[in-house]
Amino acid sequence: MTNKNKVSKRIIEQFLFPSVTLNRTKLQKTVTGKTIVITGASYGIGEQLALLFSTYNVKLILIARTAEKLNAIADIVKENGSLCNIIVADFYQETETERAIKELFTLTDTIDIFISNAGKSIMRSLENSLTRYHDFTRTNSLNYLAPVNLILATTPLIKATKGQIINISAINVLLLPAPKWAAYQASKTAFDQWFRCNLTEWKIMKIQAKTIYLPLVNTKMIAPNEKYKNFPAMQPEQAAFRIAKLIYSSKSYDKPWWLLFLQTSSFFGKYIWEKISFLYLKKQNEKSI
Ligand SMILES: NC(=O)c1ccc[n+]([C@@H]2O[C@H](COP(=O)([O-])OP(=O)(O)OC[C@H]3O[C@@H](n4cnc5c(N)ncnc54)[C@H](OP(=O)(O)O)[C@@H]3O)[C@@H](O)[C@H]2O)c1
């Protein structure tokens with residue numbers, strides 16, 4: 001990418017993802033002394049959240065597969081004055097999720113904030129998915145069933161503290177379905193629907209359930225896709241700031257300011273979107289013949 005392109009990309013990013021100022025006093029009041037569980041805390045947004053909270057004297061429980069990375073983050077969290085435990089688990093396997101839940105209960109009998117963040121995206125055409133049913137079982141396990149299992153199990157603890165459950169979601173679930181995104185969009189949307197179905201019942205339990213709908217974020221999740229290197233994207237630190245702000249605010253969701261325009265065009269422009277997707281894919285297919 002040329003320097004000129006880099007500068008334009010930065011300007012567009014500042015416009016689309018304006019910087020967030022944290023009210024540190026409010027954040028401190030909300031999280032200090034609290035037990036916070038973060039899934040998918042070894043990289044990206046989850047890692048940034050763990051590091052952000054670590055300076056507020058919290059008790060963190062971090063879950064993911066990569067033990068070395070979780071241990072390295074736990075060391076920093078402790079250096080910053082907070083407590084930290086890790087649970088190593090692979091949410092692709094239901095037995096592993098069940099084991100993680102048991103381990104969680106041995107580590108704590110109180111949870112104030114549960115952040116459901118672990119996730120994986122896949123962008124693959126239908127044609128390239130024909131022999132890859134496992135893409136669907138894996139994304140379904142990780143993005144939908146594991147968080148349902150974890151939240152069902154921990155709801156009584158979160159109810160006892162009148163705590164919070166945070167759903168780290170994607171803007172895609174609020175927009176029209178996009179070609180090649182079936183595995184990711186179906187699993188994220190399933191979880192989002194499950195989450196929204198429970199909102200009233202959680203409210204009655206005095207649990208605050210909140211969702212952040214994120215745009216493209218510059219993490220390892222998007223790294224396999226070459227095209228995204230030049231796309232404007234939010235930085236993971238900025239995503240963590242937005243999530244922290246959502247936690248201390250009374251809002252129940254956060255989404256980019258411009259999403260409303262896309263949602264409106266999704267509603268009125270379904271035909272145009274389908275036509276554009278069709279022509280784009282057709283052109284791509286012709287190129288690859
Ligand atoms: N990046 C984006 O553009 C974007 C956009 C919208 C929403 N989001 C959402 O943001 C959340 C965080 O994503 P990210 O961008 O920070 O991605 P990331 O950097 O790839 O981090 C994903 C986290 O999930 C964990 N994870 C992945 N597979 C797992 C498994 N099988 N079992 C347990 N943990 C697993 C990873 O740890 P291990 O590999 O160590 O297990 C890692 O800690 C996801 O829910 C994602 O859907 C991301």
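Arg65, Lys120, Arg138 and Lys220 together form a positive surface patch. In such a patch, residues have over 30% relative accessible area and no salt bridge, and like charges are joined within 9 Å. Lys and Arg count as positive here, with the charge placed at NZ of Lys or CZ of Arg. The model is predicted, so local features need pLDDT of at least 70 and side-chain atom pairs pLDDT 80 or more, while totals for chains, interfaces and linings use all residues. Residues are numbered from 1 along each chain, and side-chain values use heavy atoms, leaving out hydrogens and water.

Around the ligand are 30 residues, each with a heavy atom within 4 Å of it; Arg65, Thr66, Asn117, Tyr184 and Thr219 come nearest.

Polar contacts (pairs of N or O atoms within 3.5 Å) come next. A ligand oxygen lies 2.7 Å from a backbone N or O atom of Asn117. Of the 880 Å² of accessible area that the ligand has on its own, the protein covers 97% (Shrake-Rupley method, 1.4 Å probe). Helix H3 (44-53), strand E5 (164-170) and helix H7 (182-204) each give two or more residues to the shell, and E5 gives the most, with three.

What joins Arg99 and Glu96? Their side chains meet in a salt bridge, 3.2 Å from N to O; the term means a side-chain nitrogen of Lys or Arg within 4 Å of a carboxyl oxygen of Asp or Glu. Both residues lie in helix H5 (residues 94-107), three residues apart, about one turn of the helix.

Technical notes:
Patch = residues over 30% accessible without salt bridge, like charges linked within 9 Å, V, L, I, M, F, W, Y side chains within 5 Å. Polar contact = N/O pair within 3.5 Å; in protein donor to acceptor, adjacent residues only side chain to side chain. Helix = DSSP H or I, 4+ residues; strand = E, 2+ residues; numbered from the N terminus.
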